[in-house]
Amino acid sequence: MEITPTKRNRQGKIIHTCQKEMIINLYKDLMRKEPEIRYEDLLFRLSEGSGIGIGTIKKTLREYKSTGKVSSPKNKKLRSTICEKLDDFDKNAIRQKIHQFWFRKEIPTLAKIIQAVQDDPDLPNLSRSSFQRLLKDMQFEYTKRNRNSALTEREDLVLWRRQYISQIRRYRQEGRTIYYLDETWVNVGDCSSRVWVDKTVKSHKDAFLKGLTTGARNPTGKGKRLIVFCSILPKLNDNAVIILDNAPYHSVKKESIPTTAWTKARIQQWLESKGVVITEPLVKIELLQKVKQIKNQFEKYVVDEEAKKQNKTVLRLPPYHCELNPIELAWSVVKGHVKTNNTTFKLNDVRQLLIDGIQRVTPEMWSNFISHTIKEEDKFWQIDFISDDILEENESQHVLTITGQTTSDDSD
């Protein structure tokens with residue numbers, strides 16, 4: 001068989017099983033006809049005959065020699081879900097849309113919210129199914145009220161938020177120093193398309209629309225971040241409160257808690273190590289139920305325990321509530337300075353701009369950011385009472401209507 005050049009396979013294109021099998025067939029035929037062929041010549045001939053690059057030829061031959069077969073390509077493209085595509089600021093803006101209905105004494109429904117989001121040019125247009133998935137990810141659920149379904153936040157999230165606001169209010173009354181922890185980064189290529197001076201940022205959304213705040217996720221390293229956190233703790237005021245978000249590296253548990261992936265023997269061993277006496281054989285689900293009853297006593301986080309050693313308290317923000325962290329507004333000032341003045345796109349120059357931007361955040365500005373955040377806390381505190389009252393009022397009216405109809409029907 002004579003091997004003739006064929007059309008080259010485009011670089012980066014997935015090599016399918018049939019192409020790998022073609023390589024192996026060509027390889028067998030060449031080895032049968034020219035058993036003494038040099039390896040380099042073999043690779044060249046196979047590449048010319050199949051149109052596939054030498055690197056892929058090597059990998060295919062190596063796989064065949066070690067396993068006796070070729071595998072199918074992993075050509076499934078990992079697509080981002082709608083929940084991953086939208087950052088916390090888009091999600092926060094959508095939550096505010098929902099809250100606006102409550103403030104107007106109007107029960108939010110899915111159709112109303114979709115329309116409100118579509119009417120806002122700063123928010124993406126989403127299909128009904130995508131919007132439902134997003135709302136579920138944001139901890140919203142449908143609460144059945146009469147013939148309609150009201151869109152309410154999940155009880156656990158509402159409780160988390162109210163406990164957070166209640167605690168931070170108490171810490172302020174106690175006069176404790178409060179530190180807000182957050183992160184951001186700037187790229188060397190960050191610049192502004194026009195020259196402007198941002199004298200004031202009125203809200204988190206205003207900052208986000210100017211492209212100044214954080215929102216994307218950056219690869220992180222648990223070990224290094226914990227070391228930095230521990231080294232900063234002694235520099236903070238005694239009895240201080242540290243506000244942080246729920247990033248994975250903030251939520252590393254000090255001890256693993258049993259899950260369904262654990263074996264029965266391992267779960268039972270864990271329970272017994274915590275003083276739980278098991279007097280009779282139990283199935284796995286019963287063991288896990290016992291874990292659930294006591295796990296809060298042992299579910300501790302590494303950063304929390306390190307803070308306790310230094311007489312500091314950690315308080316976690318509820319998810320998707322970036323407007324409760326004033327440092328986001330500080331970042332907007334810093335990144336605005338970098339974007340406006342970055343003309344060289346050199347790392348050292350950008351680093352200096354970053355330092356200069358941090359110095360631009362004055363005590364007066366920080367005080368304003370804190371005031372803005374407290375107003376946001378008050379709004380969240382108020383919205384829960386409003387939604388409760390409206391839903392109860394609506395339900396009471398419906399009961400009265402049904403009762404009246406029943407009386408009328410009886411008389412008829």
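**Exercise 1.** Determine how many bridges join S3 to strand S4, and in which direction the two run.

*Solution.* Step 1: in this predicted model, S3 and strand S4 (residues 241–244) are joined by three bridges and run parallel. Strands here are DSSP runs (E, at least two residues; helices are H or I, at least four), numbered from the N terminus, and two strands pair if DSSP finds at least two bridges between them. Step 2: within this pairing, Tyr179 stands opposite Ile242 in S4. The model is predicted, with local features needing pLDDT of at least 70 and side-chain atom pairs counting only at pLDDT 80 or more, while totals for chains, interfaces and linings use all residues. Residues are numbered from 1 along each chain as its sequence is written, and side-chain values use heavy atoms, leaving out hydrogens and water.

**Exercise 2.** Describe the sheet that contains S3, S4 and S5.

*Solution.* Step 1: the sheet is open, its three strands are ordered S3-S4-S5, and the pairing is parallel. Step 2: strand S3 (178–180) and strand S5 (313–316) are the edge strands, each pairing on one side only. Step 3: from one strand to the next, the twist averages 25°. Step 4: helix H8 (residues 155–173) packs on the sheet and touches S3, S4 and S5, its direction making about 140° with that of S5. Contact means heavy atoms within 4.5 Å; axes are lines fitted to C-alpha atoms, for helices over the stretch in contact, with angles from 0 to 180 degrees between N-to-C directions.

**Exercise 3.** Classify the ring pair of Tyr180 and Trp366, and state where each residue lies.

*Solution.* Step 1: rings of Phe, Tyr and Trp (its six-membered ring) pair if their centres lie within 6.5 Å; planes under 30 degrees apart are stacked, over 60 edge-to-face, and the rest tilted. Three aromatic pairs are counted by this rule. Step 2: the centres of Tyr180 and Trp366 are 6.2 Å apart and their planes stand at 70°, so this pair is edge-to-face. Step 3: Tyr180 belongs to strand S3 and Trp366 to helix H16 (residues 363–411), 186 residues apart. Step 4: buried means under 20% relative accessible area, exposed over 50%, and partly exposed in between (1.4 Å probe, protein chains only). Tyr180, at 11%, is therefore buried, whereas Trp366, at 30%, is partly exposed.

**Exercise 4.** State which kind of aromatic pair Trp381 and Phe385 form.

*Solution.* Step 1: the pair is edge-to-face, with 6.4 Å centre to centre and 65° between the planes. Step 2: both residues lie in helix H16, four residues apart, about one turn of the helix.
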